[in-house]
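Colleague: Could you walk me through this one? I would like to hear about the ligand surroundings and the sheet.

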Amino acid sequence: MKQAVVLDKAEIVKRYKPIDPQTHKGMQGHALIIAGSYGKMGAAVLASKSCLKTGCGLVTALVPKCGYEILQIANPEVMTLTDKKEQYLSDIKMAIKPQAIAIGPGLGQHIVTQKAVLDFLKTNRIPLVLDADALNILACNKAWFSVLLPKTILTPHPKELERLLGEWHTEEEKFQKTRAFVCQYDLIVVMKGAPTYIFTPDAVYVNTTGNAALATAGSGDVLTGMLTSLLAQGYSATDAALLGVYLHGLTATIALPKTGYQSFTATTILKNIGKAFLSLENQL
Ligand SMILES: NC(=O)C1=CN([C@@H]2O[C@H](COP(=O)(O)OP(=O)(O)OC[C@H]3O[C@@H](n4cnc5c(N)ncnc54)[C@H](OP(=O)(O)O)[C@@H]3O)[C@@H](O)[C@H]2O)[C@@H](O)CC1
Ligand SMILES: Nc1ncnc2c1ncn2[C@@H]1O[C@H](COP(=O)(O)OP(=O)(O)O)[C@@H](O)[C@H]1O
Ligand SMILES: [Mg+2]
């Protein structure tokens, strides 16, 4: 494999766009988070909250009916749309025009949800982040890889990546398969791990922030919201993936001395997104 580009502060500051003092919520982007099912509504809460806390002006969550009160109470700043089904999503339609969409965290893989996801992918023309069960559903329907919009961001953990690409026997083979996949379908793959690699058709990047504190439930759901937020704010898919992964890791670098590994949770990531941004501003 070609040498990975090291994603350090200098590389990030080049891509970071400070907030315009004249901005308003309508200019900060509107994101839609399609997530959650009975028992996994926390994933929708975490992804939509992280989307807001990464600077998106407006965030809407689309969840099954059982998620309505959970979302509205846990996240009063987030607008909530509900499906007609109580426990899982059955139909992905929206009367809004978001600038970016995330789909997958906590979604489950009900057969009806699978069909709704596939129908959505066929017609979607809005910049997209695919995570968790959206990846698992796609892995069961590999013919659908070719309907994905160019530069869609996929965020698999190792098991999800294996479901998508099949087994590998060496790290080198894993990298080759991922590289071939992003080039064939013109996608961006955030290969989550320690460290996380970002694959684009042009280059591979290796992240330098973060630590094992991130090995905690919901950590990836928060990352999905952050990437979607940056996409909605007008960052290119490559820059959103690079900046989002870097900032997500930076929250753990910043918080570790106070929390230790054990008490760091996905909520700790949310609480430290602001400090992560501020540390970029100090470099300008
Ligand atoms: N509060 C909520 O609502 C939450 C909801 N969530 C939602 O739950 C759904 C299921 O998601 P999930 O990722 O837990 O299940 P799944 O895809 O079977 O993967 C698990 C297996 O993958 C592997 N593995 C994972 N990471 C690895 C690594 N770094 N390195 C190596 N291996 C790794 C590992 O496999 P093993 O090593 O055990 O063989 C592990 O057993 C999904 O929709 C998600 O969004 C969660 O986000 C939690 C909070
Ligand atoms: N040991 C580790 N060191 C650094 N980052 C890690 C480590 N373990 C997990 N992470 C990060 O935590 C996140 C976990 O994502 P994921 O497995 O999808 O979590 P969840 O589905 O519970 O939200 C990824 O961004 C991954 O890179
Ligand atoms: Mg996950």
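Modeller: Gladly, and please keep in mind that this is a predicted model. Around ligand 2 there are 17 residues, and the closest are His157, Lys192, Ala194, Ala215 and Gly220.

Colleague: Which helix gives the most to the shell around ligand 2?

Modeller: The shell has seven nonpolar, eight polar and two charged residues. Four residues of the shell come from a helix spanning 219-232, and the helix that gives the most is H8.

Colleague: Where does UniProt place the feature "binding site", and why do those residues gather at one spot?

Modeller: The unreviewed UniProt entry lists Lys192, Gly193, Ala194, Pro195, Thr196 and Gly220. They span 29 residues in sequence, yet they gather at one spot because no two of their C-alpha atoms are more than 13.7 Å apart.

Colleague: Is alanine 194 buried or exposed?

Modeller: Alanine 194 sits in the loop between strand S8 (188-191) and strand S9 (197-199). Alanine 194 has 11 C-beta neighbours inside 10 Å, so it counts as exposed.

Colleague: Which strands are the edge strands of the sheet?

Modeller: Ten strands form an open, mixed sheet in the order S1-S10-S9-S8-S7-S6-S5-S2-S3-S4. Two of these strands pair on one side only, and the edge strands are S1 (5-7) and S4 (79-82).

Colleague: In which sense do strand S2 and strand S5 pair?

Modeller: Isoleucine 34 stands opposite isoleucine 103 in S5. Strand S2 (residues 30-34) and strand S5 (residues 100-103) pair over four bridges, and the sense is parallel.

Note on methods: Residues are numbered from 1 along each chain as its sequence is written. Chains are lettered from A and ligands numbered from 1 in the order in which they are written. This is a predicted model: local features need pLDDT of at least 70, side-chain atom pairs count only at pLDDT 80 or more; totals for chains, interfaces and linings use all residues. A residue is near a molecule or strand if its C-beta atom, placed from the backbone, lies within 6 Å of it. Helices (H or I, at least four residues) and strands (E, at least two) are DSSP runs, numbered from the N terminus. Ala, Val, Leu, Ile, Met, Phe, Trp, Tyr, Cys and Pro count as nonpolar, Asp, Glu, Lys and Arg as charged, and the others, Gly among them, as polar. Two strands pair if DSSP finds at least two bridges between them. UniProt positions are given in the numbering used here, feature names are shortened, and annotations may be inferred rather than shown by experiment. A residue is buried if 20 or more other C-beta atoms lie within 10 Å of its own, exposed if 12 or fewer, and partly exposed in between; C-beta atoms are placed from the backbone.
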